[in-house]
Amino acid sequence: MSAKTAIDPKAFRNALGSFTTGVTIITTVSPDGEPVGMTANSFNSVSLDPPMVLWSIARSARSLAAFEASEYWAVHILSDTQEALSNRFAKSGEDKFNGLSVQAGTGGVPLLDNCCARLQCKTAVRYDGGDHIIFVGEVLAFEHTDAPPLVFHAGKYALATRKPQPFRLPAERSSPDNVAFGEDFLGYLLARAHFQFYAQMREHLVQNGIDDTEYFALTLLSLKGGRSVEEINRRFSYTGYHLTTGITSALQARGLLSVDGEGTAATCELTDAGRNLTLRLIAAAKAIEDGIVEKIGQVEAVSLKHLLKRLISETDPGLAHPWEN
Ligand SMILES: Cc1cc2nc3c(=O)[nH]c(=O)nc-3n(C[C@H](O)[C@H](O)[C@H](O)COP(=O)(O)O)c2cc1C
C-alpha cells in the first residue's frame, strides 16, 4: 500500500463543498487607484483579541497583485439579497464596480453597501497556502446589521435556517425516533401553519361581517378591478372557494362593490367603501405577519418565504398569481 493516498481533485472539491460557509466580497485598491474586488468564501475568524480574520486567494486570481501591494482590504459579508453581486465579483474582469455606489474606507479601499457585516482590515501576515496565498488581517473597524446572510453549500447558494425545536412529545411516548405520522408530514405542517395564521385573520373578518370567499374576492379586486365572477373563480380555483352572483349582489347591496352586467360575466369593481375596508383588512393581515416574523426572526422568515415560493412553483399547475394580469 502506498503511503501517499492519491487525491482526486473533483472528489476533494466536492468534499470541501460540504463545509457550509457564508459568502464575502473582499475589496482593495490597486497602486494606481483602481477599485479591486473578488468573491471569497475562504473567509474565517481567527482571533478576538486582537481582532483578526483570514481568507485565501488563488495565485491565479487577477486581483492578487493588488492585494499584495495594498496594506488594506475590506471584507463584506453578503446578505441574502446579494447573490447577483456575488456572481459579478466571482468573474475575472476589470469593470466589477461599474454602476455600484461605493464609499472610500481606510487606505482608499472601496466599501460596498447593504451587507450583513463589513470589516476594514490591515494585512498582518501572508502565508504560502499551496496554490493559494493566505491573508491574515487585523480588523481596524467593523459594522454589522441583522440582514439574513447569503450561504454557500455544495457549490450552490443556500439559505440559513435555524433547526426548530422538536414538537412536544406526549408523555407516554418519550422517544423522538418514534414520530407520529403528522409530526413530519408536510401536508399536516402546511395546513396547520395556514389555519393557525388564518384563524387570527378570521377574527378581523368576523368583526367586519366578511367571510373567506368575500375576503378573497375583495383582496383580488383591490389589486386590479374590473374582473368578472368567472375570472375571480378561475384565479382562486386552488382555494376551493367559489364566488357566486348571490355573494357579489350582497356585497353590492352593502355598498362595497359595484357590479356592471349580468350573471357570472358581470365585472366587479370595489367602491370607495369596499376599498377602505379591504385596505384595513390587508393592514390587519400585515400586522399578523409582523407578529409572526418577530417570533420566528427575520432570517427564518426570509428562508421560510423562499421555501414556500419554491414549493408553490414546484406544485403550480400553471395558475396566475393574484397580482398578475
Ligand atoms: C461562492 C464563491 C466563493 C469563492 N471563494 C474564493 C476564495 O475564497 N478564494 C479565491 O481565490 N477565489 C474564490 N472564488 C473564485 C473567485 O471569486 C473568482 O476566481 C474571481 O474571478 C476572481 O476574480 P479576479 O480573477 O478578478 O481576481 C469564489 C467564487 C465563488 C462563487
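Biologist: How many residues surround the ligand, and which are the closest?
Modeller: 19 residues surround the ligand, and the closest are Ser42, Ala58, Ser63, Ser92 and Lys96. A residue is near a molecule if one of its heavy atoms lies within 4 Å of it. This is a predicted model, where local features need pLDDT of at least 70 and side-chain atom pairs count only at pLDDT 80 or more, while totals for chains, interfaces and linings use all residues. Residues are numbered from 1 along each chain as its sequence is written, and side-chain values use heavy atoms, with hydrogens and water left out.

Biologist: Which elements each supply at least two residues of that shell?
Modeller: β3 (35-40) and β5 (52-58) do. Helices (H or I, at least four residues) and strands (E, at least two) are DSSP runs, numbered from the N terminus.

Biologist: And the shell by class?
Modeller: Eight nonpolar, eight polar and three charged residues. Ala, Val, Leu, Ile, Met, Phe, Trp, Tyr, Cys and Pro count as nonpolar, Asp, Glu, Lys and Arg as charged, and the others, Gly among them, as polar.

Biologist: What is 2.6 Å from an oxygen atom of the ligand?
Modeller: A polar side-chain atom of Ser92. A polar backbone atom of Ala58 is 2.8 Å from an oxygen atom of the ligand, and one of Asn41 is 2.9 Å from a ligand nitrogen. The protein covers 81% of the 630 Å² of accessible area that the ligand has on its own, by the Shrake-Rupley method with a 1.4 Å probe.

Biologist: What volume does the second largest pocket have, and how many residues line it?
Modeller: About 1,300 Å³, taken as the space filled by probe spheres set on the points, which are joined across faces, edges and corners. Its lining has 36 residues, of which Arg13, Asn41, Ser42, His132 and Phe152 lie nearest its centre. α1 (9-17) gives the most to that lining, with six residues.

Biologist: Which element gives the most to it?
Modeller: α5, with three residues.

Biologist: Switching to backbone. Where is the cis peptide bond?
Modeller: Between Asp49 and Pro50, with omega about 5°. Pro50 is in the loop between β4 (44-47) and β5.

Biologist: And what is phi of Asn114?
Modeller: Near 60°, a positive value in a residue other than glycine. Asn114 is in the loop between β8 (110-111) and β9 (117-129).

Technical notes
A polar contact is a pair of N or O atoms within 3.5 Å; within protein, one must be able to donate a hydrogen and the other to accept it, and residues adjacent in sequence count only if both atoms are side-chain atoms. On a 1 Å grid over the protein atoms alone, a cavity is a set of points where a 1.4 Å probe fits but cannot get out, and a pocket is an open set with protein on both sides within 12 Å along at least five of seven lines; lining residues have an atom within 4 Å of a point.
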